[in-house]
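Take a walk through this model.

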Amino acid sequence: MSPSVIVGTGVVGTRFPDHDPTAILGKKGLRYKDEATRLAMSAAQLALWNAGIVDSSDMTTAVVVSSNYGNLDTVCRVAGDGSGPGERGPMDLPNASSNVVASSIAIRFGYFGPNLMVCSGAASGLDAVIWAHRLLEAGRAARVLVVGVEVDNAVVSRFATAREPSGLFHGAACVVLERAGLSDSVPRAVFGGCARGGAIADLLDAGQVNQWYVPDFGPVAALADVTAGAEVIDIASRVGAASGALGVLQAASAVAAPGASLLTVGGGADPLVACLITPISLTNSGELS
C-alpha cells in the first residue's frame, strides 16, 4: 500500500503572519463562529492553498481536529458562570460541542468523509495525525485535513498550564495528508510511523533522526539516547504551550526541515507519543523513491 504523504501545510496565530481570519476567509460565514473555529478554518484554507487544492469533490476527504481547550470559554458560559440567562444566546449551543470545529471545517469546504474531534490531552495533536493516517490506510478517505487549534483567553488560562515566559499558544496549524499517488498534489514529506512509550525507540535507527521536536515542556530524558546528535527543536518555547495543537504544529514545521524528524508530545502524567516524518525524493517519473 502506498504511504501517507503530507502535501500542504498552513499555520495561523497571533505570533504568525496572516492570522486575521477575515483576511483569509472573508467575512461571509464567520458570524457566530467562535475563535477556535475561525482560526482552524483559516489554517485549513492556507494548507489547501499551499497544496494547490481548489476542489476536493472528486476525493473522499476527512477532517480530524485536535483541541483540548478550544471552545472552553463557550462551555463555561453555557454551563453557568454566574451570568443570567440573558447572557446566553441560542447560537452558543452549537459552539458548546467540541466537535463544532471539525464539523464547521467540513461544512465550509463541502467534505463528506469521516469527521473526528480528538481531545486526548497532551498527546492529542499527534493522536490526530495518527488517526488521519489510519483513515487513509483503511480506505475510509483519500485525503485528510488534520488541524490542531488552541486559544489563549481568560477562561483557558484558568485551566491550562502555561509555558513561561512564552505563555500559551493562540492559533492553529493544518497539514493535508493523502495516500501517495492518488492526486496531482506534490508530496512534501512521508508519514513514517508512530509509537507510544518504550516502543518509540523501535521507530529509530542509530543516527536516523536529524531533528527532535520536543513536547510542550522540553526534552524527555527517556529519549536522550535514541535522539543523540539530533537538533532539538522546542516550538513551545517560541509560541507558548500548545497542548492539542502542538503535534500538528510540529508536523507542519517538519515538512520544511532537512532530513528525518521525530515529533514527540506528552510526557509526565500523559503518555509519550511520537511520529516520524521523513524527507522524500522524487524520481524523474514523479514517483516516490
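**The pocket and its surroundings**

In this predicted model, the lining of the largest pocket has 16 nonpolar, 8 polar and 3 charged residues. The space in the largest pocket is about 390 Å³. The lining comprises 27 residues, and those closest to the pocket centre are A122, T161, D216, F217 and S243.

The largest share comes from β9, with 3 residues.

Look again at S243, which is among the residues closest to the pocket centre. S243 sits in the loop between α8 (236–239) and α9 (246–254). Its phi is positive, about 50°, although S243 is not a glycine. S243 is also buried, with a relative accessible area of 14%.

The peptide bond joining E164 and P165 is cis. Its omega is about -5°.

Now the cysteines. How many disulfides does a search of the whole structure find? The search finds 0. Consider C194: its closest cysteine sulfur is in C275, 5.1 Å away, so the two are too far apart for a bond. The cut-off for a disulfide is a pair of cysteine sulfur atoms within 2.5 Å.

Note on methods: Residues are numbered from 1 along each chain as its sequence is written. This is a predicted model: local features need pLDDT of at least 70, side-chain atom pairs count only at pLDDT 80 or more; totals for chains, interfaces and linings use all residues. Side-chain values use heavy atoms; hydrogens and water are left out. On a 1 Å grid over the protein atoms alone, a cavity is a set of points where a 1.4 Å probe fits but cannot get out, and a pocket is an open set with protein on both sides within 12 Å along at least five of seven lines; lining residues have an atom within 4 Å of a point. Grid points are joined across faces, edges and corners, and a volume is the space filled by probe spheres set on the points. Helices (H or I, at least four residues) and strands (E, at least two) are DSSP runs, numbered from the N terminus. Ala, Val, Leu, Ile, Met, Phe, Trp, Tyr, Cys and Pro count as nonpolar, Asp, Glu, Lys and Arg as charged, and the others, Gly among them, as polar. Buried means under 20% relative accessible area, exposed over 50%, partly exposed in between (1.4 Å probe, protein chains only).
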